[in-house]
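I am opening my notebook on this structure and will set down what I looked up, in the order in which I looked.

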Amino acid sequence: MNTRVKDRFVQIHTEHADSIFRFCFLRVSDRNVAIDLTQDVFMRYWDNLIKGNNIQNDKAFLFTVARNIIIDWYRKKKSISLDALQEENDDPEEFALIEDNAKGALELSTESRFLLDKIKSLPHTSQQVLYFKYIEDLKPKEIAEILHIKENAVSVRIFRALEDLRKLTGYDIPPQ
Amino acid sequence: MKNNHIKNTIVEIKKISLTHQEKSALFDVLDWYAESNPSVKSPYSISTWTHQLSRPLTYVLTSLLIVLLAGGSSVFASEGALPGDILYPIKIHVSEPLKVALATSLEAKQQVKVAQVEERLKEAETLAVQGRLTSSTSIEIQQAVAMRVSDVHDSLSDKNKNHLEVTLAAHENVLESIKKHSSDSEKTNIENVQIALRQDTEVASASSVSSIMFAAKVAPMRSAKINPSASTAFSERKDKVQKAIQDVDQKIHNNSKNNDSADSFEQSILNTASSSIQNAQTKLNQAEDNHSNNNDDEANALIDVSEKKVQEASISIDRGLELGKLKWSNRGNK
């Protein structure tokens with residue numbers, strides 16, 4: 001086995017397993033499912049490494065795969081759920097920043113719950129850029145790669161999301 | 001004070017992580033998976049010595065090397081390359097930008113860019129039919145399509161916007177038909193391309209709808225001035241769309257007869273096209289009714305939809321036939 005590839009895999013797993021797990025957990029609200037999805041993400045990452053595919057930015061690649069896997073999970077869940085009959089207009093590609101069930105499982109202060117409620121009232125596209133920028137500390141270029149939009153569009157979305165959040169909360173949110 | 005609340009919220013969310021035991025168990029599974037699927041990469045692979053370089057620099061160096069070694073013919077040889085092929089980077093980083101640069105007018109440059117979006121989708125379809133659409137190639141195609149659509153859609157002329165919208169919708173139908181006849185793992189990769197495609201179709205439709213709405217706003221002003229000829233123009237356009245519907249309907253009929261297998265993606269494409277044609281005919285009839293009632297704005301909007309549906313069906317059928325031949329020639333080679 002190519003030890004350099006394995007070393008890279010171990011290093012990336014050590015660095016990003018928690019971020020990918022958090023990203024999955026907040027969207028599927030189930031710890032065991034989130035671990036399974038995280039496992040799938042890293043298996044796909046390994047598959048790509050051993051094929052010699054050029055992965056320019058490992059973190060952005062992992063989040064792109066995680067996003068696709070979560071969408072698949074939502075779609076499969078919907079196809080076997082009676083809820084599907086009532087939620088025909090739901091868009092599996094657009095999932096919320098934090099699922100309501102997951103929010104209940106978190107130990108959050110009153111003020112944090114207030115802030116999350118306000119963030120959840122923003123469009124999903126705004127929630128996603130805020131999550132990637134402020135929780136995962138990703139650069140606009142990396143967010144652009146994950147969401148398949150231009151870097152400028154990411155900056156615009158972040159600016160607009162902060163403007164909206166400022167109006168909703170009355171907070172003076174400084175740009176970072 | 002309030003900014004502290006924001007920081008606290010971020011810190012609280014960031015605390016969500018795997019426990020030590022969970023991380024250890026996850027690593028054990030992944031380690032077993034890695035050991036069971038060892039790297040078999042060739043030591044002579046180009047990316048072995050170029051992976052440390054930035055992507056653009058890698059492509060430039062690789063391109064220069066190949067062009068020097070094989071001459072300009074490599075650029076032309078790359079035309080049929082697919083994601084994962086060695087010449088593919090030459091195709092998308094040398095050959096295609098060259099075509100855009102060589103296009104003489106803005107309109108021509110836009111047409112080339114729209115054609116390149118279509119080329120990415122054709123690549124996805126070809127790989128899917130050949131059973132070679134992997135998770136990495138699907139991501140590569142998603143990103144390439146999305147970046148190109150995002151790059152061009154604001155600057156496109158109305159004609160090119162409509163063409164882009166119709167092209168994206170047609171290939172969505174083709175991919176959907178291929179997906180129905182694929183294995184579960186292939187379905188996932190096809191769906192990932194479709195996700196990007198649906199988002200891009202929304203972008204293209206939004207810009208196209210806004211241009212139709214603008215046209216609808218100015219139409220009453222125009223029709224007040226040129227009312228007699230407007231009626232003639234509608235009639236001519238209606239005849240043209242009606243003729244196109246008949247032609248595509250005939251094409252569906254002929255190819256359904258020629259198609260041996262009722263349960264194939266080719267037949268599935270023909271069925272979808274048949275639905276599109278019926279839809280186009282309904283919209284055309286509604287357009288005519290509205291025109292008779294002097295509701296020209298609605299009539300024009302409906303005839304636009306009808307025309308797009310016909311074009312969508314026509315592109316889907318042509319592509320389905322191409323892919324059908326490809327599938328049979330592949331079987332012949334095996």
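What volume does the largest cavity have? I note before anything else that I am working with a predicted model. For the largest cavity I read a volume of about 30 Å³, and I find that the structure holds 1 cavity of 30 Å³ or more.

Next I looked up the lining of the largest cavity, to which helix 9 (158–180), helix 12 and helix 13 (296–333) of chain B each supply at least two residues. Helix 12 of chain B gives the most, with 4 residues. Among the lining residues I wrote down N173(B), S177(B), I269(B), S276(B), E312(B) and S316(B). Sorted by class, the lining comprises 4 nonpolar, 5 polar and 1 charged residues.

I then stayed with helix 12 of chain B and checked its length: its 28 residues (residues 265–292) should span 40 Å at 1.5 Å a residue, and since its end C-alpha atoms are 41 Å apart, the two values agree. After helix 12 of chain B comes N294(B), for which I read a positive phi, near 60°.

Last, I turned to chain A, where helix 7 (residues 124–135) and helix 8 (residues 140–147) pack at an angle of about 135°, with their axes 10 Å apart.

How values were computed: Residues are numbered from 1 along each chain as its sequence is written. Chains are lettered from A and ligands numbered from 1 in the order in which they are written. This is a predicted model: local features need pLDDT of at least 70, side-chain atom pairs count only at pLDDT 80 or more; totals for chains, interfaces and linings use all residues. Side-chain values use heavy atoms; hydrogens and water are left out. The expected span of a helix is 1.5 Å times one less than its number of residues. On a 1 Å grid over the protein atoms alone, a cavity is a set of points where a 1.4 Å probe fits but cannot get out, and a pocket is an open set with protein on both sides within 12 Å along at least five of seven lines; lining residues have an atom within 4 Å of a point. Grid points are joined across faces, edges and corners, and a volume is the space filled by probe spheres set on the points. Ala, Val, Leu, Ile, Met, Phe, Trp, Tyr, Cys and Pro count as nonpolar, Asp, Glu, Lys and Arg as charged, and the others, Gly among them, as polar. Axes are lines fitted to C-alpha atoms, for helices over the stretch in contact, and angles run from 0 to 180 degrees between N-to-C directions.
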